[in-house]
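Please consult the sequence and the structure shown below while reading.

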Amino acid sequence: MTFSNNTILISGGSSGIGLGFAKKFLELGNQVIITSRSKEKLDSLVNSHPNLYGYIVDVTNVESVYSLKEQVLLDFPNLNVLFNSAGIMKSFDLFDDNVNPQMLHSEINTNLIGTINMTKVFLSHLIKQNTPLIINVSSGLSYVSSAAHTIYSGTKSAVHMFTDAVREQAIYKGYNHLTVMELVPPLVAETNLEEHAPIDAPNNMKLSDLIDQGIEAIQQKVIRLDAGYAKEMHRQALKDSDTFTHTTAQVMLPRYFS
């Protein structure tokens with residue numbers, strides 16, 4: 001089976017994992033729409049990829065997402081795939097008085113609220129399509145708390161739970177044609193999501209490998225892909241999450257907070 005002839009909307013598609021998948025989806029013969037808050041990024045990508053379409057949106061803002069829906073469905077009424085990859089990752093020292101609570105909200109708004117907004121707003125349209133698909137990008141850090149990234153793990157754990165809830169409600173409602181998939185990447189250093197991530201780390205995964213595994217999982221309609229080292233993170237978390245969290249923190253924290 002080849003994943004082609006779909007119309008795909010990718011949030012956060014102007015960089016990182018979202019952009020990587022966007023380019024691969026184009027190669028496979030799909031119609032691809034990416035979103036970003038940056039008009040400059042979108043214009044540059046659209047100009048260099050003639051079959052790529054770009055729309056500005058702030059996924060944290062419900063009205064912006066509704067406006068996006070109206071624009072996209074006017075131009076692409078056959079949209080059948082939503083790929084939620086908009087995400088940010090920050091490290092915060094909670095014992096630093098210069099860090100105020102408001103600074104801790106950005107990841108919640110983008111990673112979690114953004115995923116919720118996009119999914120809920122487009123859900124009523126997607127279920128009317130023949131082969132609808134929702135892909136939510138979480139993280140291997142949804143299985144273990146990253147002590148340096150105070151909020152990130154929590155947002156990705158919530159994305160994991162939210163994705164499961166959407167899937168189960170779809171089944172209960174009889175929308176069995178809707179596939180709801182969670183993509184769980186490990187460290188993918190080349191996406192530059194986190195400045196301290198070394199590209200030669202043993203737990204690092206090449207973006208191209210993540211994409212290849214992701215496409216295979218999409219074709220097989222799996223509900224969750226633990227890609228690369230994320231599979232080991234899941235296993236260790238199930239075995240003894242407290243010990244795994246502590247051991248990981250002992251290695252990670254000195255890199256961030258001296």
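## Strand β6

Strand β6, residues 179-184, is mostly covered, with six of its six residues buried. Here, buried means under 20% relative accessible area, exposed means over 50%, and partly exposed lies in between (1.4 Å probe, protein chains only). Helices (H or I, at least four residues) and strands (E, at least two) are DSSP runs numbered from the N terminus. Cover extends to both faces of β6: T179, M181 and L183 are buried on one side, and V180, E182 and V184 on the other.

The model is predicted; local features need pLDDT of at least 70 and side-chain atom pairs count only at pLDDT 80 or more, whereas totals for chains, interfaces and linings use all residues. Residues are numbered from 1 along each chain as its sequence is written, and side-chain values use heavy atoms, with hydrogens and water left out.

## Pairing and crossover

Strands β5 (residues 133-137) and β6 run parallel and are joined by five bridges; two strands pair if DSSP finds at least two bridges between them. Within this pairing, V137 stands opposite L183 of β6. From β5 the chain passes through α5 to β6 in a right-handed β-α-β crossover, that is, with the strands pointing away from the viewer, the path from the first strand over the helix to the second runs clockwise.

Strand β7 (residues 224-226) also runs parallel to β6, through three bridges. In β7, D226 stands opposite V184.

## Residue A170

Helix α5, residues 152-173, contains A170. A170 is buried, at a relative accessible area of 6%. Neighbours within four places in sequence aside, A170 is in contact (heavy atoms within 4.5 Å) with Y175, N176 and L178.
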